Amino acid sequence: MAHLWVRSEPRAHEERVGVTPQGAAKLIGAGFRVTVEDSSQRILPIAAYAAVGCEIAPEFSWVDAPDDAIVFGLKELPDDGTPLRHRHVMFGHAYKGQPTGQVLLDRFKAGGGILYDLEYLTDTNGRRVAAFGYWAGYAGAAVALMCWIAQQRGGIAGPVRAYPSAAHLLADLQQDLVALGTQRPSALIIGALGRVGTGAADLCQAMGVPTTKWDMAETTSGGPFPEVLTHDIFLNCILARPGTPVFVPASAKVAERRLCVIGDIACDPDSDFSPIKVYDRTTTWDAPALRVNDAPALDVTAIDNLPSMLPAESSEDFAEQLLPHLMTLNAMDANTWARAYQWFARAVD
């Protein structure tokens, strides 16, 4: 049976995990061997994994895992250039022309390993079988609103943090909005019918933000889209891919506009297909807003691990979606795993 090795996440502020103790128990019950690394920041305690029969390994020890182990994590591996010999399940961000993605693929080629990118683990209709999209949208809309609030106070958004629950996040936002009085920004969401857009819309509704919801029907013309500039906040919930229209051209920085905050929740600024052309790098938890124009102010927020702001809810949701597919790891030549492998094989060919 397959050996699943759940690694710890080296990235700061990354408390999520893709397998819960309950899920690990089901895998073990089905005959899997499950090893879970200790972690100094994971939201779920290591004792809960031990209690259901997981083997416990030291933090970051996956490099010495047996050759047949399938190493499972979420975000990027340490950028040390070492060859990768294992099969890895993770978000690789390597198939859209990203420079860092090519470096990752070169490491797999050098070590003989394989990447099963979670973004490309899809069903027969091409839909991802597991995604953090809803909570990315929810948190991304919250950060964009934080950026707008900071602007109303004459500043720029400061550090963001993880919350014990969505209720805690809403309470903080509500307190800040009440301090501003009755004023609320308007928002436009593109990709409103997807998982990401649904999460963003739910956050906006909870905060009383008037929201315009667009999806494919409203963007089939290919642009330009002057309506983006007539809203205070624009939330991009569309993944960058060939054929994606440009929603915010570079000229928007100096154009006449109401737009003052862009939340690029899809967050692919170094892709050739990015629909937002006013910025070129992700933002961080410590500095969530990138000011791309001063007068009038235009801030972009593009944090690439937004669901970790709500690590408990997002981990439980994602793990529940993914578990049925982890159960098929013994047949990685079939179905969803085969499709993910084909993406990798074409990329390294």
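Reply: Axes are lines fitted to C-alpha atoms, for helices over the stretch in contact (heavy atoms within 4.5 Å), and angles run from 0 to 180 degrees between N-to-C directions. The model is predicted: local features need pLDDT of at least 70, side-chain atom pairs count only at pLDDT 80 or more, and totals for chains, interfaces and linings use all residues. Residues are numbered from 1 along each chain as its sequence is written, and side-chain values use heavy atoms, without hydrogens and water.

Me: What makes H4 oblique to H6?

Reply: The axes of H4 and H6 cross at roughly 40° and come within 6 Å. Angles under 35 degrees count as roughly parallel, over 145 as roughly antiparallel, 65 to 115 as roughly perpendicular and the rest as oblique. H4 is therefore oblique to H6.

Me: Which residues of H4 meet H6?

Reply: Among them are Gly 133, Tyr 134 and Gly 137, and the H6 side includes Arg 195 and Val 196.

Me: Why are the buried residues of H5 said to line one face?

Reply: Ala 166, Leu 169, Leu 173 and Leu 177 are the buried residues of H5 (buried is under 20% relative accessible area, exposed over 50%, partly exposed in between, with a 1.4 Å probe and protein chains only). Seen down the axis of H5, they fall within an arc of 65°, so they line one face of the helix. The arc is taken over directions from the helix axis to the C-beta atoms. On the other side of H5, Ala 167, Gln 175, Val 178 and Ala 179 are exposed.

Technical notes. Helix = DSSP H or I, 4+ residues; strand = E, 2+ residues; numbered from the N terminus.
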